[in-house]
Amino acid sequence: DIAESPESVVEYYLQPLLQIVHMFLSVDRFSRDIDKIAASLRISRPELSDALTKLQRCGIIEFANGRYRVIKESLHLARETPIFPAYQARLRLKALEHLDRSTPESSYSFSAIFSSNAKVRLQLQERFMKFLKDAQRISQQGGQTDVYQMNFDLFDWST
């Protein structure tokens, strides 16, 4: 987990930029040249420096031998955590901001509204959980060269 303080957990999960910079630092070409992170995210160097300082304070990264190194590889916030809804909302908003600036070639989005029933909804959710396990395994085999985000929503409009 993140450094022992609840403040670190709140800071990390309620500031999406921290999670994004964290993942950028897991890619060698970005950890060697942090200016590439600022350029990719279209943020200022001071904004990036602030994010790096916060990640260090949270115990997620360290600065050693002239570069940043990730200490905590993958972090997950439990669904039962009180800040989970705010975390999801902020991360989605950040993703939508980025998608608005993206080209069609650099992203893929899909949405569908359909009618069905609760049994089918549960089947779809179970299949997605299986997909997530496969996706995690596959993404860890590929060698990190870029940073991606994937979202999935399945909810009932009728209740």
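**Exercise 1.** At 43% relative accessibility, aspartate 35 counts as partly exposed; find which residue forms a salt bridge with aspartate 35, and where the two lie.

*Solution.* This is a predicted model, with pLDDT of at least 70 needed for local features and 80 or more for side-chain atom pairs, while totals use all residues. Numbering starts from 1 in each chain, and side-chain values use heavy atoms, without hydrogens or water.

- Step 1: The partner is arginine 45, and the closest N and O atoms are 2.7 Å apart (salt bridge: Lys or Arg side-chain nitrogen within 4 Å of an Asp or Glu carboxyl oxygen).
- Step 2: Aspartate 35 sits in helix 4 (residues 35-41) and arginine 45 in helix 5, ten residues apart (helices: DSSP runs of H or I, at least four residues).
- Step 3: Arginine 45 is partly exposed too, at 38% (buried is under 20%, exposed over 50%, partly exposed in between; 1.4 Å probe).

**Exercise 2.** Now look at arginine 57: which glutamate does its side chain meet in a salt bridge, and is that glutamate buried or exposed?

*Solution.*

- Step 1: Arginine 57 meets glutamate 11, at 2.7 Å from N to O.
- Step 2: Because arginine 57 belongs to helix 5 (residues 45-57) and glutamate 11 to helix 1 (residues 6-14), the pair ties together parts 46 residues apart in sequence.
- Step 3: Glutamate 11 has a relative accessible area of 15%, so glutamate 11 is buried.

**Exercise 3.** Find the salt-bridge partner of aspartate 146 and say where both residues lie.

*Solution.*

- Step 1: Aspartate 146 pairs with arginine 29, with closest N and O atoms 2.4 Å apart.
- Step 2: Aspartate 146 is in the segment after helix 7 (118-141), and arginine 29 is in helix 3 (residues 28-32), 117 residues away.
- Step 3: Both are partly exposed: aspartate 146 at 34% and arginine 29 at 37%.
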